[in-house]
Amino acid sequence: MSDRCPEWPKGLKRTRARLAVWDTLKDQTRPVSAALLFERLLEKHSDVSLSSVYRNLEAFAECQTVVRTTSPDGTATLYGLNTHRNTHLSVCIACHAVRPVSDCAYERAATDITEDGFHVTGHRLELLGYCDACYRKLEKAAPSAE
Ligand SMILES: [Zn+2]
Ligand SMILES: [Zn+2]
């Protein structure tokens with residue numbers, strides 16, 4: 001999986017709203033909620049409704065062109081184009097910062113078939129932990145007992 005923009009899904013009609021969603025999604029550097037995408041979409045396209053944005057995101061997700069993630073606090077669904085940048089994320093469990101992970105050890109196995117016959121078409125990676133800033137705060141708050 002590369003960071004190249006995925007292709008428009010075959011068989012999906014190019015409606016104006018759908019093209020607007022696609023266009024805006026391409027500019028996002030990390031997965032975003034439908035509401036945030038809608039807000040950004042309005043900067044260039046004023047005639048699309050939030051419910052239409054949501055419906056079209058789901059249509060892209062059905063075609064695997066868009067990946068869904070849950071926000072770190074569990075309250076929202078986030079959407080991103082199916083690229084490495086959006087499927088390989090590190091999530092800080094303290095401040096909820098989400099960042100792309102640049103390297104991946106599993107890239108080679110992306111099209112393998114597992115022993116039990118599972119045909120792999122791709123993969124997602126979510127690393128949980130503390131970002132550097134939060135880790136430093138933790139270290140200060142709880143100095144090792146020496
Ligand atoms: Zn953090
Ligand atoms: Zn990977």
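I'm calling a residue buried under 20% relative accessible area, exposed over 50% and partly exposed in between, with a 1.4 Å probe and protein chains only. The model is predicted, so I take local features at pLDDT of at least 70 and side-chain atom pairs at pLDDT 80 or more, while totals for chains, interfaces and linings use all residues. Residues are numbered from 1 along each chain as its sequence is written, and side-chain values use heavy atoms, without hydrogens and water.

**Cysteines.** I looked for disulfides (cysteine sulfur atoms within 2.5 Å) and the count came to 0. Cysteine 5 is in none, and its nearest cysteine sulfur, on cysteine 63, sits 14 Å away. Cysteine 5 is partly exposed, at 35% relative accessible area. Cysteine 92 counts as buried, at 2% relative accessibility.

**Histidine 88.** I found this one in strand β4 (residues 88-92); strands are DSSP runs of E, at least two residues, and helices are runs of H or I, at least four, numbered from the N terminus. Histidine 88 is buried because its relative accessibility is 0%. I checked its contacts (heavy atoms within 4.5 Å): beyond four places in sequence, its partners include Arg99, Cys104, Glu107 and His123.

**Helix α1.** I went through residues 16-26 and noted buried ones, among them Ala17, Val21, Trp22 and Leu25. The buried residues of α1 pack against α2 (34-41), α3 (50-62), β2 (66-70) and β3 (77-81).

**Tyrosine 130.** Last, I looked up the loop between β6 (125-129) and α5 (132-141), where tyrosine 130 lies. Tyrosine 130 is partly exposed, with a relative accessible area of 42%.

Conventions. Chains lettered and ligands numbered in written order.
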